[in-house]
Amino acid sequence: MMSIFKDHRMSVSQLLEPIPEQYLAQLSLQSSVGHASGRKAVQYTVAFDGVLPCSAQAFSERSYNSEEVALSHLVWQHARKEAGHKNLYVLDRGLQSAQSLAAFEAQQVRFVCRVKENRKYERKANLLEPGQQTDLGEGVLRSDQLVRLYCGKPIHNRKGNIHYRESLLEQDFRLLIVESKQDPKQRYWLLTNALQMPAEEVAKAYRRRWDMEVFFRFFKQELNLSHLVSLNQNGIEVMLYMTLIVAMLLLIYKQANAIGYKTAKRRFAMEVRNLAIAIIVAECGGDLDKLFKT
């Protein structure tokens, strides 16, 4: 199974404040994720398996202000549910920590993520063989290397301050550089610990991350998750999970009928309404006066 993770932060503004395209909620939280404007915020992370959302969690503690912490937490939580799973976790650029990636490798959690183009590493071997197919569909494989990453190791000095010393991780990773056919200047640095997976499959797995972006747009705009009306974290989690249930019903309906998100939402609403009307008519035997009396 492939799980695609997306992290998002909701700003907390005045409840029902008429500000377009803002998140309408106010949290009565003692501690919360910080926000650049000084307002409080809640952060949530969603996992998507390409068809349905398979995991979600909301965070309010300041320690989850970093996407590194929030994404890593949900990956570990999801991976530990099944012993011996063969999931491949596709992550966005929010997770860059070499220590987190090394921990995934140590626990045999397979992943594919995009790293920054200036990422420092040590090359161990060239995996691109002569005559190998480099056409990956929408991109061209320019490099396939076995590498080790550099990371900052925290060091405490005599004054008690912390500074970081550059060190080399012991784990081996695979770095693929894929050039876009549409824009040759655009290159994607893909990092994975799936050393035996064909390069085409690695690139294809990362392209599937776009499914998550489309789902997230549907999740926020079509199902109005951006507009929260609860005053506490529990209420926000309830709203999040209720919206996920509705999203799953709509996604199943969309998949079964081979239609788009908006069409699925409109037709599903019409069919539920017609079903409700049919149930009402059947219960009152066609006499609506009986319904209103009860």
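A: **A strand and its surroundings**

Phenylalanine 111 has a relative accessible area of 0% and is therefore buried, where buried means under 20% relative accessible area, exposed over 50% and partly exposed in between, with a 1.4 Å probe and protein chains only. The model is a predicted one, in which local features need pLDDT of at least 70 and side-chain atom pairs count only at pLDDT 80 or more, while totals for chains, interfaces and linings use all residues. Residues are numbered from 1 along each chain as its sequence is written, and side-chain values use heavy atoms, with hydrogens and water left out.

The strand in question is E5, residues 110-114, and because four of its five residues are buried, E5 is largely enclosed by the rest of the structure. Helices (H or I, at least four residues) and strands (E, at least two) are DSSP runs, numbered from the N terminus. Two strands pair if DSSP finds at least two bridges between them. With strand E10 (residues 187-192), by contrast, E5 runs antiparallel and is joined by three bridges; here cysteine 113 is partnered by leucine 191 of E10.

E4, helix H2 (residues 98-106) and E5 make a right-handed β-α-β unit, right-handed meaning that, with the strands pointing away from the viewer, the path from the first strand over the helix to the second runs clockwise.

Turning to the aromatic rings, a search of the whole structure finds five aromatic pairs. Rings of Phe, Tyr and Trp (its six-membered ring) pair if their centres lie within 6.5 Å, and planes under 30 degrees apart count as stacked, over 60 as edge-to-face and the rest as tilted. One of these pairs consists of phenylalanine 104 and phenylalanine 111, which is tilted, with 6.1 Å centre to centre and 55° between the planes. Phenylalanine 104 has 0% relative accessibility and so counts as buried. Ring pairs also bring in Phe173, which is linked with Phe104 and Phe111 into a cluster.

Phenylalanine 111 has a polar contact too: its backbone oxygen lies 2.7 Å from a polar atom of the side chain of threonine 192. A polar contact is a pair of N or O atoms within 3.5 Å; within protein, one must be able to donate a hydrogen and the other to accept it, and residues adjacent in sequence count only if both atoms are side-chain atoms. Threonine 192 belongs to strand E10, and its relative accessible area of 0% means that threonine 192 is buried.

For context elsewhere in the model, the rings of phenylalanine 218 and tyrosine 261 have centres 4.6 Å apart and planes at 35°, so this pair is tilted. Because phenylalanine 218 lies in helix H4 (residues 209-222) and tyrosine 261 in helix H6 (residues 261-284), the pair ties together parts that are 43 residues apart in sequence. Both phenylalanine 218 and tyrosine 261 are buried. The charged end of lysine 254 also sits over the ring of tyrosine 261, 4.9 Å from its centre, the criterion being that NZ of Lys or CZ of Arg is within 6 Å of the ring centre and within 35 degrees of the ring normal.
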